[in-house]
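Subject: Structure for your review

Dear colleague,

I am passing on the structure that follows, together with notes on what was found in it. Please read the notes with the model open beside them.

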Amino acid sequence: MDWIGPGIWQGDALEAASLLPLDSIDLAYLDPPFGTGRTRSGPLGRYPDGWQGAMAHASWLVRCCVGLWPALREGGTLWLHLDARTVHHARVLLDDQLAGGTCRNEVVWCYNGGGLPKRDFPRKHDVLLRYVKGKDWTFHPARQPYKANTQAVGRHSSRARRVAIDLGRGTPHTDWWTDIPTVTGWAPERLGYPTQKPLQLLERLIAATSNPGDRVVDLFMGSGTTLEAAARLGRCYLGVDASAAACDLAARRLRPWQAAAWPVALEGVGTGQAGGTAEVGAQVTSRRRSGVTKLSTKAATSKRPIGKSV
Ligand SMILES: C[S@@+](CC[C@H](N)C(=O)[O-])C[C@H]1O[C@@H](n2cnc3c(N)ncnc32)[C@H](O)[C@@H]1O
């Protein structure tokens with residue numbers, strides 16, 4: 001596991017999960033490779049996305065979630081972003097494996113663009129599983145404006161039919177989101193990292209399921225979308241990725257937001273033994289040209305075992 005400055009770690013998701021202190025994070029978002037069976041590449045990065053079958057893929061993801069679960073505080077939220085390939089397998093396993101966890105939503109994110117198969121309906125949605133820990137979870141229902149035709153004809157309460165609804169308040173977001181486009185080739189936020197997610201998507205779910213000042217963790221951060229969204233909303237962030245290119249890109253992206261980084265690893269730097277809030281022993285092995293510090297945690301000690309395997 002390497003550390004690239006506060007808030008960004010280069011390494012394996014499962015290992016990173018095991019290093020996080022107990023009850024230390026408020027929100028986790030995991031957007032792993034979906035198991036498309038091909039290498040995903042873009043101008044600024046690439047990552048392998050192999051396929052060993054739905055059950056093997058889901059089992060690996062569930063190990064990551066179970067490994068992270070003790071670090072999530074009571075009332076916290078874990079989001080797992082998947083598509084139709086493995087979401088059902090993961091849901092069944094997670095319902096069984098996350099002690100004290102409940103799946104409160106399967107949010108369906110619908111989008112357009114991409115290829116059109118000839119012999120199937122085009123698959124144009126992802127599913128985001130929303131798990132909460134305990135009974136008193138954070139949730140801030142957000143509203144959106146009513147559609148133009150509803151605004152034109154007005155709307156009445158379903159209980160007392162004649163009471164007109166104040167349309168100015170808007171209507172709550174449901175669990176199917178159709179208003180957030182993918183990051184297209186011409187989108188201003190596009191960085192060139194494959195499968196980059198839209199900031200609007202991350203901002204919506206972070207705003208709804210965390211509070212300002214909360215700690216947000218992404219174990220598959222890619223270009224760092226979650227981290228930027230967290231920083232914009234006044235949360236602290238920690239991002240992990242196995243790819244050096246992703247970490248470099250995220251580090252550049254997050255430079256204006258460094259104050260929001262959660263410096264969990266750096267508190268133990270150089271001690272070679274457990275220390276700081278993360279109780280991780282880390283060693284400085286090199287300094288990158290960009291000025292960010294790269295550390296190695298070969299001497300790292302984890303205070304707890306990795307979650308049980310499926
Ligand atoms: C779907 S992409 C994440 C995209 C990201 N949400 C964004 O908006 O840019 C999945 C990421 O998981 C990373 N990854 C794959 N296997 C990993 C592992 N075992 N541990 C940590 N990261 C991993 C890949 O390098 C890739 O960047």
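The buried residues of helix α2 are covered by elements that include α1 (13-19), β3 (25-30), β6 (72-82) and α3, where cover is a matter of contact, that is, C-beta atoms placed from the backbone and lying within 7 Å of each other. The buried residues of α2 are H57, A58, L61, V62, R63, C64, C65, V66, G67 and L68; a residue is called buried if 20 or more other C-beta atoms lie within 10 Å of its own, exposed if 12 or fewer, and partly exposed in between, with C-beta atoms placed from the backbone. Helices (H or I, at least four residues) and strands (E, at least two) are DSSP runs, numbered from the N terminus.

Two points of provenance belong here. Residues are numbered from 1 along each chain as its sequence is written. This is a predicted model, in which local features need pLDDT of at least 70 and side-chain atom pairs count only at pLDDT 80 or more, whereas totals for chains, interfaces and linings use all residues.

To stay with α2, its 15 residues reach 21 Å from the first C-alpha to the last, close to the 21 Å expected at 1.5 Å a residue, the expected span being 1.5 Å times one less than the number of residues. The axes of α2 (residues 54-68) and α3 (residues 87-97) come within 9 Å and cross at roughly 35 degrees; axes are lines fitted to C-alpha atoms, for helices over the stretch in contact, and angles run from 0 to 180 degrees between N-to-C directions. The contact is made by A54, M55, A58, S59, L61, V62, C65 and V66 on the α2 side and by H89, A90, L93, L94 and Q97 on the α3 side. By class, the residues of this contact are 10 nonpolar, three polar and no charged, where Ala, Val, Leu, Ile, Met, Phe, Trp, Tyr, Cys and Pro count as nonpolar, Asp, Glu, Lys and Arg as charged, and the others, Gly among them, as polar.

For the chain as a whole, there are seven helices and 15 strands, and 41% of the 310 residues count as buried. Among contacts between residues at least 6 apart in sequence, 66% join residues at least 24 apart.

Helix α6 is largely enclosed by the rest of the structure, because seven of its eight residues are buried. Those buried residues are T225, T226, L227, E228, A229, A230 and A231, and they pack against β3, α5, β12 (215-218), β13 and α7. After α6 comes G234, whose phi is positive, near 80 degrees.

In helix α7 (residues 244-253), the buried residues are A246, C247, L249, A250, A251 and R253, and what covers them includes β1 (2-4), β2 (8-10), β5 (45-47), α6 (225-232) and β13 (236-241). In the loop between α7 and β14 (283-287) lies W262, which counts as buried because 22 other C-beta atoms lie within 10 Å. Leaving aside neighbours within four places in sequence, W262 is in contact with G7, R215, C236, Y237 and L238. W262 and V216 are 46 residues apart in sequence, and their C-alpha atoms are 8.8 Å apart in space.

Around the ligand there are 19 residues, of which A13, F220, G222, S223 and T225 come nearest; a residue belongs to this shell if its C-beta atom, placed from the backbone, lies within 6 Å of the molecule. The shell has nine nonpolar, six polar and four charged residues.

Most residues other than glycine have a negative phi. D23, in the loop between α1 and β3, has a positive phi near 50 degrees, and D23 counts as partly exposed because it has 13 C-beta neighbours inside 10 Å. T195, in the loop between β11 (176-177) and α5 (199-209), has a positive phi near 55 degrees, and T195 counts as partly exposed with 18 C-beta neighbours inside 10 Å.

With regards

How values were computed. Contact = placed C-beta atoms within 7 Å.
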